Amino acid sequence: MLRALSSLLLAGAVALTASIGCQKKDGSAPRAKPTEGAIPHKGGTLRLATYSDLRALDPAVAMDTESAPYLNLMFSGLVDYDDKGNIVGDLAERFERSDDGLTYRFFLRAGVRMHDGSELTADDVKRSVERTLRSETPCPALAFYERIAGLAEFRNKTTPSLTGVGVEGPRVVTFKLARPDATFLAVLALPFLRPVCKSAGTKYDDTFQNAPCGAGPFRFDTWQPGRVLRVRRFDGHYDVANTYLDAIELRMDVPRLTQRFMLERGEIDAILNEFERPGAIYFRTHPEWSKYLTQTPVPEFYGDFMNVEMRPFDDKRIRQAVAAALNRPNLQKYYEGWTVVTGHLLPPGIPGHEPHPPYEQKYDLARARALMAAAGYPYDAKTGKGGYPETITYYAGEGEGAIRYAQLLQQDLAQIGVRIEVKETSFAQYLAMAGRPKTTAFGYFGWLLDFADPSDFFEPLFSSSAIAEEDSQNRSFYRNPELDALLERAHAELDGDKRIVMYKEAERIVCDDAPGVFTYNPLKLELLQPWTRGYVVHPVVNRRFKPVWIDDVARRAAFALLGPGRSGAALGSLWRRW
Amino acid sequence: MDRRALDRFRRNRGALLGLALVAVVIAFSFLGPLFSSHTPNTPDFEHGRGPYGTPGAPSWTHWLGTDTIFRDLLVRLAHGGRLSLEVAFVATTIAVALGTAIGVASGYFKGTRVRVDAVLDALALPTAFALIGASIAAQRLVGFAAWLFAGAAVLRLFALRRTASWFDWLDGTFGAVVAVVLVRSGLGGFAGNARTLVAAGVASVLVRALAERRTTRKLPFVRVDFDDLAMRGVDVLLAFPFLLLVMALSAAIERTSEATIFLVLGLTAWTGTARVIRSKTLQIRELEFVVASRALGQSTPHILARHILPNVVGIAIVLGTNSVAGMIVAEAALSFLGLSLPPPTASWGRMLDEGRPYYSVAPWLLAAPAVAILLAVLGFNLLGEGLRDAFDPKDA
């Protein structure tokens, strides 16, 4: 028996060595080269994958970063960004603003079709806006639109319709604002108020997202939550001439490592910022793959919120201690070449950003311990006794990286006697947990810009108007009248320089009050197959798939040997190994 | 272990290898960390960092290199082993003790007919109350407890004879109604339900006690062979794949601690032991010395303790040793899936999971826990087989 066993072990060892050996030899260069002189042409499905899940597909309520790119495809709005990040008309042919900045008038294009075949009218626009802003709708972004005139009356049902939105003809819509708003067009470019088909009705209903219907360049095909989302080109769209893909297919719940293998086998057409670290290192240093890899600093920040309504974070000193206990120099060593470790809110690319403002949160262990002692929880590092007596549950994100960061945080906080228990949560679970009052004391948070304006970072995260019973974006449930007033003034200020000064003051307040720990700004890594063309990293909109086209010749060449598909790929790789 | 068994064991090279492996794994896990200056959870940003922030390669400072956040791999491996062995031993002890008790009872009392309702009460009521208690503490599993309770109450109705008196029917129906209410409230969410649950349970027990007093004249309940009852229960449990059941239970528990893992593994793994011990008991109870001592009028507990148990202990030890190997794998599987203790606790399964994406950059991250699991499982399996051969030469 022993002999049989040892030969089995030997065989295992041989197989292991052999497989590692083959791994090295085979490598995994891209399967094709981009075709010289190819021009955009129609056809092909863009195949993508994400480790995450989509939470919602109804523009009225969806606010997670995963679903936004697909909402942008299925629902066109009155205005949109051009390639440089300027706001231009989309479904509106043109628009004008009154001199006092309070009235916007939009002229719809003639003959815009929605996915159900009907023509878009001004009434549809008004109905869609009202549907989203109605008090029954759990719209998470209400704070963006509160300056529309008559909104409060509409929401408390004093008026049957939203008086701030007027229909002046079949194709003319006006928006009246109660107060000037420097960001109105930018928030209008977000998916929330975009026109939805008549099937959506006048009231929000969670069944609409089973068959979303709008006026976007792509129409809904299938959605199996947690598995796959498929949208296909809508040939009735006014800009169909500049839309190339037949369809876009997103597979969900695909781990990062699996995505890497799928990319190497040609089963997906891009990895969009979902790399495990070794994979990223591998592609970065690969002579061929690195040509198709882009690394862009993104206006995005991550950190950890502390719920100020919950113990122990109702004590400002403990929040400050936590912010000062995070060992940022060590963290930068860990994140080398991956992110930029920071100590303040505004990320690069946002007006008002500077790398190291004087008020930013800094690592200072002695100060952190002194703050803990002042709060009544002195910690003795020698004996490990003292500190905050209870274990705090920390809600980490999904995946390897999040758990690793959480453990580093855990070690740092143990140095001041704050003991945390790390709990891994799926994105959907996290959204449901962290957005509810008095539910989650401590967890990660981050913000990906909606539009390049500092207000977009402060208002949703730290203004008291962003607090809600469900889906509260203000995860810290932080209320500060002084900050609210400052943000209010800055929001209406039309002079750019004055605004920046105000926002820097606001940043000083949140760094000091510490409703959150500000940790890092990531770099975005995107790797495309040689045949995935036309994709450009947009300065404002995350993942814009509309201009993408597939270089058909190159994609076919990749699988030419034994035909497309999985079995073909497998046989092909066997062939090359020979 | 008698002399002949010891001799057989000594001559078995596989068994000795197993013993040596087990000794090495135990010594490494429990004594190893004493000889290292590193602690399992502290990252070493100075010496433990590879290029691009990758894990550090093996060096004089870190003999096995460091893991993904620069913690010493060797010390983590030892601590993981400690957890793994602790879980495996405790869970096995629970499983074997429970399995032996039920197996012996089932085998010895085969042919004895018992009142179904009495057995249901004896099993379901304490279990349900224990679960309710546990779920108040853990804020979970209330629904599960309620289902169990309800199931017992409904089964009780079926156990009524047709000749039962109206009061028995009333009692049974009341129990079932209470049970349904319990399930509905139990599934409706946690808050406030626990108190309702306990109150309703107590009410039901009181009514039942009243019923018992009214109905002593007759035997209103069906009687069933105890062995059949126990073994059909085991059948039901065996119908669930072990790992799947364990994963489902672990996933249902909100807050995992070492104790919950002990219980989850221990309370699900006893069925196999119970089966084997039962069949052994069936053999033993027909042997002359047992029949003789029964004929001499010795009490049942005496026979069980002096004649039956000593003769099944050997087999229980063998089963236990093999089960330790299974438990090590089960614990690794749970922690691989993130269902075991939360980070930063080192465990082999979690280390496998952490090392997985780094297989191309730092293969030792994956190899270290894999080899550790391999050696530990191999050791316990060889030892178990050696013990079996030693105790029971016929099967060798």
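In this predicted model, A:C197 and A:C213 are joined by a disulfide, with an S to S distance of 2.0 Å. A disulfide is a covalent bond between the sulfur atoms of two cysteines. Searching the whole structure over all chains turns up one disulfide. The link of A:C197 and A:C213 is left-handed, at -65° about the S-S bond. Both partners sit in the loop between helix 5 (184-188) and strand 8 (218-224) of chain A, so the bond ties together parts that are 16 residues apart in sequence.

What about burial? A:C197 is buried, and A:C213 is buried as well. A:C139, on the other hand, is in no disulfide: the nearest cysteine sulfur belongs to A:C197 and is 19 Å away.

The model as a whole scores ipTM 0.73 and pTM 0.72. For chain B, the average pLDDT is 80, and 74% of the residues score at least 70. Where does pLDDT stay under 50 in chain B? Residues 187-191 of chain B do so, and the model has seven contacts for them beyond four places in sequence.

How values were computed. Residues numbered from 1 in each chain as written. Chains lettered and ligands numbered in written order. Predicted model: local features only at pLDDT ≥ 70, side-chain atom pairs only at ≥ 80, totals over all residues. Heavy atoms only, no water. Disulfide = S-S within 2.5 Å. Helix = DSSP H or I, 4+ residues; strand = E, 2+ residues; numbered from the N terminus. Buried < 20%, exposed > 50% of the residue type's maximum accessible area, 1.4 Å probe, protein only. pLDDT = per-residue confidence, 0-100. Contact = heavy atoms within 4.5 Å.
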